[in-house]
Protein chains: 2
Amino acid sequence: MSQTQDGLAEVRALTFDVFGTVVDWRSSVIREGETLGQTRGLSVDWAAFADAWRGGYAPAMNRVRRGELPWTRLDDLHRITLDRLLDEFGIGEALSEEDRQHLNHAWHRLDPWPDSVPGLQRLKSHFILATLSNGNVSLLVNMAKHALLPWDCVISAELAGHYKRDPEVYHKACDLLDLAPHQVMMVAAHQDDLQAAHREGLRTAFVKRPLEHGPDAIPDLTVDPVFDLVADDFHDLANQLLDP
Amino acid sequence: MSQTQDGLAEVRALTFDVFGTVVDWRSSVIREGETLGQTRGLSVDWAAFADAWRGGYAPAMNRVRRGELPWTRLDDLHRITLDRLLDEFGIGEALSEEDRQHLNHAWHRLDPWPDSVPGLQRLKSHFILATLSNGNVSLLVNMAKHALLPWDCVISAELAGHYKRDPEVYHKACDLLDLAPHQVMMVAAHQDDLQAAHREGLRTAFVKRPLEHGPDAIPDLTVDPVFDLVADDFHDLANQLLDP
């Protein structure tokens, strides 16, 4: 694919989904759980715990979307799910308030996929690089410090008061960057995020992350023909965008 | 001054005023004006023009603050003032719409003071570095790309829907960073900005920029005793914060 053929030469900013696309949340949360578990002498299947925690994410956001909860930042949604899961996994008694706060902030200390930082560094000279994540601003800022992610701008659902895939989030990004939707490309490993961005007029790049849900999961790597680019990782994304 | 003595050890984030504190708006706008003027064959006192343009800034924001204008981003306030000044300086006929847009975006291409980037780079390893500026987000992002300012987060009056020195702006920064006011230090070359931040509980660092208004202006470098730090430039600020 070439920029010219696809009209991608007008793209000025790349907006990135973060969880799963830029960082490997599952391995990182498992590692944080194991470290805390060893310190506290707990026997827990932390892979199952990580999956269940992430599994609580969409239902929690839907409670906000439906108006059952007022706007609630993702840190607080994570904490609601965490408190429930600690009981379900039978370790609610073992962890102090301080432990819970520390574990909840595991989402601030997620590690990037190996290609994320070098790929972003290459892209940074040609494009504005922004997050466009459901993570709250402080989570994204702390994660960027931890993982050395070279964002030009941290844009969050928190700034729109709406979670993806609500259209308001994509429009808020374009508005803050003062760009038309076709000048912004959404980069994500999740088809529904890209389809929602596409509906609002943004360009889309699908980056395959087959290990997001672990080595035993069967990944859904279905390519929707509406996607403007499909890339194997951020090196491949940079190759396609910088040397079309 | 030492961090411990002043309780500054709790500071996690530095929020920076930008125009005048980080970048030398006056020299940069003069340079942009001269370049455009030469191309178009105009004879204008661009120093007087720059001062008049900046002079329109506070009155324009006050129109928003008083509710005479709805929320208006700084780019658009700059443009209102620019159109008036072009007529007042007798060059309204000489500049096309494209010229006006280009000149208005001079504020996106301001150059940093010589110590700004190296000072910020030193501070970045120990603190979250955020803008806290009346400039709109896109202005600040474009300026950071131009001047290589290593922000962790771009926070703007635009996100609060209020201009400094309204208290809402300082609270918005603390809220987005999820920090208490005493964990945030406002860095500025303008006493009233710091005094407003101090009233909301933020820590304050006054950085002297005696040349902000040009070599012939008499700078007001009065130090209010409420300021937590006073620095000659960003090297000095880094010295005081990192090696107290």
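The legends below accompany close-up views of a predicted model.

View 1. Together the two chains bury about 1700 Å², of which 53% lies on carbon and sulfur atoms. Within the area that chain A buries against chain B, R73(A), K145(A) and L176(A) account for 29%, more than any other three residues.

**View 2. Salt bridges and polar contacts between chain A and chain B.** Six salt bridges are counted between the two chains, and one pair joined in a salt bridge is R73(B) with D178(A), whose side chains meet at 3.0 Å from N to O. Across this interface, twelve residue pairs are found in polar contact, with both residues of a pair at pLDDT 80 or more.

**View 3. The relation between the two copies.** Chain A is superposed on chain B by a rotation of 180° with 0.0 Å of shift along its axis, and the RMSD is 0.0 Å. The two copies are thus related as by a two-fold rotation axis. Of the residues of chain A, C153(A) comes closest to the rotation axis, its C-alpha lying at 3.0 Å. Of the interface residues of chain A, 100% are also interface residues in chain B, so the copies meet through the same surface.

**View 4. A salt bridge within chain A, between R109(A) and E32(A).** Over all chains, a search of the whole structure finds 48 salt bridges. In the pair shown here, the side chains of R109(A) and E32(A) meet at 2.8 Å from N to O. Because R109(A) lies in the loop between α6 (97-104) and α7 (116-124) of chain A, while E32(A) lies in helix α2 (residues 25-40) of chain A, the pair ties together parts that are 77 residues apart in sequence.

**View 5. Confidence along chain A.** The pLDDT of chain A averages 96, and 98% of the residues score at least 70. Over residues 1-5 of chain A, however, the pLDDT is below 50, although this stretch has eleven contacts in the model beyond near neighbours in sequence. Where pLDDT is low, the predicted coordinates should not be read in detail.

Methods
Residues are numbered from 1 along each chain as its sequence is written. Chains are lettered from A and ligands numbered from 1 in the order in which they are written. Side-chain values use heavy atoms; hydrogens and water are left out. Buried area is the accessible area (1.4 Å probe) that two parts lose on being put together, summed over both. A salt bridge is a side-chain nitrogen of Lys or Arg within 4 Å of a carboxyl oxygen of Asp or Glu. A polar contact is a pair of N or O atoms within 3.5 Å; within protein, one must be able to donate a hydrogen and the other to accept it, and residues adjacent in sequence count only if both atoms are side-chain atoms. Copies are superposed by least squares on the C-alpha atoms of residues with pLDDT of at least 70 in both. Contact means heavy atoms within 4.5 Å. pLDDT is the predictor's confidence in each residue, from 0 to 100. Helices (H or I, at least four residues) and strands (E, at least two) are DSSP runs, numbered from the N terminus.
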